[in-house]
Amino acid sequence: VVVVWVMIITTCLITLVMLVIWDTNFILTCGFFTTFITIEGIFMTSLLNKIPQGGWVPFAISAVFLTVMLSWTYGRSKKTLYEAERKMSYSELQDMLSNPSLYRPPGICFFYTDLVNGIPPIIRHYIQHTNSVRKIMMVVTIRTLPIQKVQPEARLVIGKLGVDGVYRCLVQFGYKDILYSEGEADNYIASMVEKLREDAETVEEADKLETAVAEGVVFVTGRTILRANKNNKWLARFTIDRLYRFFQKNSRSAISNLGVPPENTMQVGMLYEI
């Protein structure tokens with residue numbers, strides 16, 4: 001039973017790869033899927049009587065893994081939706097940075113977020129509770145693309161966010177790319193600054209970026225905790241408050257792939273009520 005189901009799952013996954021990654025002709029993909037799923041389906045029907053005799057065990061194990069995957073996906077989707085609905089506007093950020101009581105120490109600050117578009121709410125939270133932010137801000141998002149490798153020239157996608165001194169950087173990896181190791185943060189910082197200098201509109205802006213790096217670099221990461229609203233159904237509350245929170249505590253952040261030095265890292269906690 002297990003072997004046949006492995007064959008069926010393999011056929012389904014290869015079909016998905018053919019459509020999404022290899023971009024194979026749709027008719028050829030359908031022919032491949034129909035042929036193999038028919039053969040494997042015949043084998044499967046002949047083994048159904050084995051399920052009560054012990055074939056249920058792999059199904060139970062699969063159910064556990066399916067619960068883990070669905071809980072993680074549900075929690076991540078809720079987190080992304082929360083941040084997208086509460087992201088900052090450019091005008092709001094400009095008003096906060098223009099506040100005369102806001103302390104602007106020299107240097108550059110890297111804010112890490114999963115939000116690809118817009119300004120994450122963690123920046124609002126940080127400024128409101130510290131009343132300070134570096135003169136140069138860089139919002140960094142790490143994204144893994146469904147391709148083997150990303151070309152070096154396409155690794156960093158950098159641009160301005162419409163506010164003076166605020167930039168956006170998208171760090172892209174393929175699933176076979178060699179990531180930065182610990183202690184190599186200076187490499188990608190230099191790459192970001194170099195790319196920004198190339199795109200700088202004036203010499204003064206380019207020199208300002210170079211000076212900011214020399215004056216000090218700090219990395220700000222968000223430690224978000226999800227809590228289900230009491231109005232949600234019991235299953236949603238259990239998934240968010242128990243399952244997803246447990247998986248989140250024991251997961252490895254994508255930021256660790258960049259080899260950020262702990263001594264220059266600040267973690268900001270924020271509670272999301274879903």
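Biologist: How many disulfides does the structure hold?

Modeller: This is a predicted model. A disulfide is a covalent bond between the sulfur atoms of two cysteines. The sulfur of Cys-109 has its closest cysteine sulfur in Cys-169, 14 Å away, and that is too far for a bond, given that a disulfide needs the two sulfur atoms within 2.5 Å. The number of disulfides is therefore zero.

Biologist: Is Cys-169 buried or exposed?

Modeller: Buried means under 20% relative accessible area. Cys-169 has 0% relative accessibility, so Cys-169 counts as buried.

Biologist: What span does helix H1 reach from its first C-alpha to its last?

Modeller: Helix H1 runs over residues 2-20 and has 19 residues. At 1.5 Å a residue, 27 Å is expected, and the span in the model is close to that, at 27 Å.

Biologist: Which residues of H1 are buried, and why do they lie on the same side of H1?

Modeller: The directions to these residues cover an arc of only 90 degrees around the axis, which puts them on the same side of H1. The face turned away from the buried side carries the exposed residues Val-3 and Val-20. Helix H2 (26-45) is included in what covers the buried residues. Those buried residues are Val-4, Ile-8, Thr-11, Thr-15 and Met-18.

Biologist: Which residues is Thr-15 in contact with, leaving aside its neighbours within four places in sequence?

Modeller: Thr-15 lies in helix H1. Thr-15 has 10% relative accessibility, so Thr-15 counts as buried. With those sequence neighbours left aside, its contacts are Thr-29, Phe-32 and Phe-33.

Definitions and conventions: Residues are numbered from 1 along each chain as its sequence is written. This is a predicted model: local features need pLDDT of at least 70, side-chain atom pairs count only at pLDDT 80 or more; totals for chains, interfaces and linings use all residues. Side-chain values use heavy atoms; hydrogens and water are left out. Helices (H or I, at least four residues) and strands (E, at least two) are DSSP runs, numbered from the N terminus. The expected span of a helix is 1.5 Å times one less than its number of residues. Buried means under 20% relative accessible area, exposed over 50%, partly exposed in between (1.4 Å probe, protein chains only). The arc is that of the directions from the helix axis to the C-beta atoms. Contact means heavy atoms within 4.5 Å.
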